[in-house]
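Subject: Structure handover

Hello,

Here is the structure for your files. My notes on what was found follow below it.

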There are 2 protein chains.
Amino acid sequence: MRKVSIIGIGETKMGRLAERSLRDLVREAGNNAIADAGIDKKQISALYVGNFNSQYLCGQGHMGSLVIEALELGNIPAVRTEGACASGSLAFRMAMMGIMAGAYDIALVGGVEKMTHQSTPTVTTAIASAMDYELEAMQGFTFPASFAMIAHRYFHDYRNVKREMGMCAYNAHQNALLNPDAQMQKDVPLEKILAADLIASPLSLFDCSLVTDGAAFVVLAAGDAAKGLKSKHRPIEIVGSGHAGDTLTLASKKAITSFAASKAAASQAYAQAGMKPADIDFAEVHDCFTITQIINTEDLGFFAPGKGGDAVAEGVTARDGKKPINVSGGLKAKGHPIGATGLSQMFEAVTQIRGDAGARQLKKADIGLTHNLGGTAGTCVINILQGS
Amino acid sequence: MRKVSIIGIGETKMGRLAERSLRDLVREAGNNAIADAGIDKKQISALYVGNFNSQYLCGQGHMGSLVIEALELGNIPAVRTEGACASGSLAFRMAMMGIMAGAYDIALVGGVEKMTHQSTPTVTTAIASAMDYELEAMQGFTFPASFAMIAHRYFHDYRNVKREMGMCAYNAHQNALLNPDAQMQKDVPLEKILAADLIASPLSLFDCSLVTDGAAFVVLAAGDAAKGLKSKHRPIEIVGSGHAGDTLTLASKKAITSFAASKAAASQAYAQAGMKPADIDFAEVHDCFTITQIINTEDLGFFAPGKGGDAVAEGVTARDGKKPINVSGGLKAKGHPIGATGLSQMFEAVTQIRGDAGARQLKKADIGLTHNLGGTAGTCVINILQGS
């Protein structure tokens with residue numbers, strides 16, 4: 001099977017970027033990734049763009065063609081991918097397939113979302129398109145409500161981890177203080193997190209990820225093609241990749257304290273990499289809510305079912321712990337520009353493996369894992385990255 | 001390179017299907033395609049869904065997961081693709097890549113759109129997301145206006161083909177009379193077509209395609225995998241495939257009486273097939289407007305630039321002509337369920353090649369071509385199909 005590597009990365013600062021257009025965000029992150037790869041635009045033979053819901057939020061679809069125009073990419077093939085919050089990782093996955101198929105040698109992959117200009121009800125409606133409209137959203141169901149039910153079930157099946165969920169948020173904010181691209185750079189004390197207002201019991205304010213504008217891009221190259229390039233960085237290889245799905249509605253899931261899509265995707269990625277969970281030095285996982293982070297780390301096999309909270313309490317997932325999770329600040333504090341999130345995870349993983357993460361650099365960051373979830377775990381994409 | 005074949009097809013009747021949900025349309029077309037392939041659902045290892053804008057029109061994104069649930073497909077990987085009116089063909093193209101990469105042996109590809117329940121202004125706004133929101137749609141620009149400007153420029157560069165455009169519509173309606181899945185089955189006289197009210201000069205009512213609800217699915221298999229299956233039909237091979245892009249805005253195009261994305265995609269498809277335009281027996285081309293059909297047949301090399309109108313006038317593109325175009329009735333009369341359109345084109349091509357087209361069966365239908373365009377030609381996907 002043809003090997004695929006990341007040879008360039010770029011992202012915008014995440015946040016409330018009211019004065020910036022989709023086109024503007026794409027230009028910054030895209031051109032930065034291309035410059036970082038040290039390639040000429042003419043070497044790019046395909047484009048993949050992850051975007052969740054700019055059709056509703058910005059009136060803008062056909063994002064492949066928009067990015068072609070914004071970055072002046074000529075007549076290369078382009079596609080937008082969408083799978084709720086996993087939209088960016090799906091673009092990455094499709095790009096890998098194009099390269100593995102032998103159709104392309106170098107592909108540009110981007111993700112972008114612009115959300116903060118809309119009112120909270122409009123954003124809530126836009127996000128609700130990631131669940132079933134007829135059976136869930138139209139009945140008043142929202143994602144905080146969905147993951148609140150998941151948390152309650154987790155508390156019932158295992159134990160109450162409300163305090164550990166707060167510690168996930170605390171760690172995220174501490175990490176984001178060291179990430180210049182993060183949306184929230186605030187030193188939030190654990191007691192303030194635990195005392196925050198409820199959003200949907202048991203989730204309170206700091207258990208929820210952010211509404212964010214931002215873009216992130218990566219340049220992918222076939223392993224053989226990467227060798228011939230004059231990049232200033234060594235290529236970071238995708239040694240394992242997994243992609244799985246599940247039903248859309250919460251009520252139809254066989255289990256909700258563990259996600260079948262995560263487990264299936266993880267199994268594929270570990271098998272391809274010939275690795276086990278213990279081999280992973282650090283991971284960026286999908287913390288749309290703090291309970292999700294705890295469940296994800298169990299589904300990834302880092303901790304036993306029901307033991308993810310203990311790991312947080314013991315400091316294992318902190319930046320100086322044995323299995324650092326979301327050193328970037330995660331969706332919770334770096335931000336969650338939905339279509340860009342999967343690629344921003346890649347940005348962090350590559351930055352860490354390169355040793356370029358500055359104040360938040362991990363001591364051991366040879367092998368990183370990214371875990372990107374869509375909706376109520378209806379889509380999951382996992383990749384394992386290793387420096388070559 | 002690994003060969004890919006279509007082994008099953010299914011589609012709904014196209015039209016105003018007010019009483020049917022997205023889920024319902026998906027179930028009918030998807031299950032029909034699976035049954036037509038004679039496979040068990042467990043043999044499907046990946047899902048690709050083309051959808052243009054159900055997020056705005058129906059509040060529903062995350063269509064991959066919705067289709068998994070509707071068709072009970074377990075934990076297979078799924079993705080939604082979007083590239084305006086080419087969304088369905090992009091799903092097809094991504095599925096081909098997954099198979100060519102060796103990741104999957106059998107993939108299900110579907111497209112769906114539900115539009116007619118919304119008001120005309122809402123549908124117009126939804127469709128406008130396929131152009132640039134800031135630079136075009138927000139200024140009041142619409143697709144009829146865009147293709148009207150293209151038609152005027154074509155008239156200026158070559159000659160007035162308003163009558164021939166009417167003949168495209170006439171042929172489409174005549175063909176649709178013989179297609180039980182077609183939305184409009186009306187025997188519309190040419191004089192009525194030519195006398196219809198203007199929509200955006202020079203385009204009048206019958207120069208514009210329809211607003212349609214519908215779904216279409218195909219089952220793809222690797223050539224080697226297809227041989228081991230017990231399908232009742234022979235596999236139809238994709239002997240050539242092309243995919244190209246272009247800028248989003250009309251004003252940025254180098255030419256508008258010929259589409260660079262179409263020409264680039266056609267060049268790829270012909271080269272891969274080792275064929276020239278004369279080798280194609282029939283084609284389904286993207287007639288979002290009648291002028292588009294004429295331009296497409298020139299870009300595909302069927303007729304010289306500026307001579308597409310002559311070919312229509314001479315009956316070459318009619319069902320009994322030398323190069324039958326849109327025997328299905330096309331977007332004009334079969335209908336244009338946007339995300340499903342590219343796959344409905346496939347449905348027709350496979351049906352013709354199999355010899356199953358009944359009253360509209362072509363005498364010679366060994367090699368068919370599908371041409372699917374997105375927006376103002378910002379995306380184009382072309383495939384050449386041949387019975388094996």
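Between chain A and chain B there are 4 salt bridges, a salt bridge being a side-chain nitrogen of Lys or Arg within 4 Å of a carboxyl oxygen of Asp or Glu. One of them joins Arg80(A) to Glu82(B), with 3.0 Å between the closest N and O atoms.

Some ground rules before the rest. This is a predicted model, in which local features need pLDDT of at least 70 and side-chain atom pairs count only at pLDDT 80 or more, while totals for chains, interfaces and linings use all residues. Residues are numbered from 1 along each chain as its sequence is written, chains are lettered from A and ligands numbered from 1 in the order in which they are written, and side-chain values use heavy atoms, with hydrogens and water left out.

The interface

Polar contacts link 44 residue pairs across the interface of chain A and chain B, both residues at pLDDT 80 or more. (A polar contact is a pair of N or O atoms within 3.5 Å; within protein, one must be able to donate a hydrogen and the other to accept it, and residues adjacent in sequence count only if both atoms are side-chain atoms.) H4(A) gives the largest share of the side of chain A that touches chain B, at 6 residues. Helices here are DSSP runs of H or I with at least four residues, and strands are runs of E with at least two, numbered from the N terminus.

With contact taken as heavy atoms within 4.5 Å, 60 residues from chain A and 60 residues from chain B take part. The two chains bury about 4400 Å² between them, 50% of it on carbon and sulfur atoms; this is the accessible area (1.4 Å probe) lost on putting the two parts together, summed over both.

Symmetry

Chain A superposes on chain B by a rotation of 180 degrees with 0.0 Å of shift along its axis, at an RMSD of 0.0 Å. That is the relation of a two-fold axis. Within chain A, Ala101(A) comes closest to the rotation axis, its C-alpha lying at 1.9 Å. Both copies use the same surface, as 100% of the contact residues of chain A recur in chain B.

Cysteines

Counting cysteine sulfur pairs within 2.5 Å as disulfides, the total over all chains is 0. For Cys168(A), the nearest cysteine sulfur is that of Cys288(A), 12 Å away. Cys168(A) is buried at 2% relative accessible area, where buried means under 20% (1.4 Å probe, protein chains only).

Regards

Definitions and conventions:
Buried < 20%, exposed > 50% of the residue type's maximum accessible area, 1.4 Å probe, protein only. Least-squares fit on C-alpha atoms with pLDDT ≥ 70 in both.
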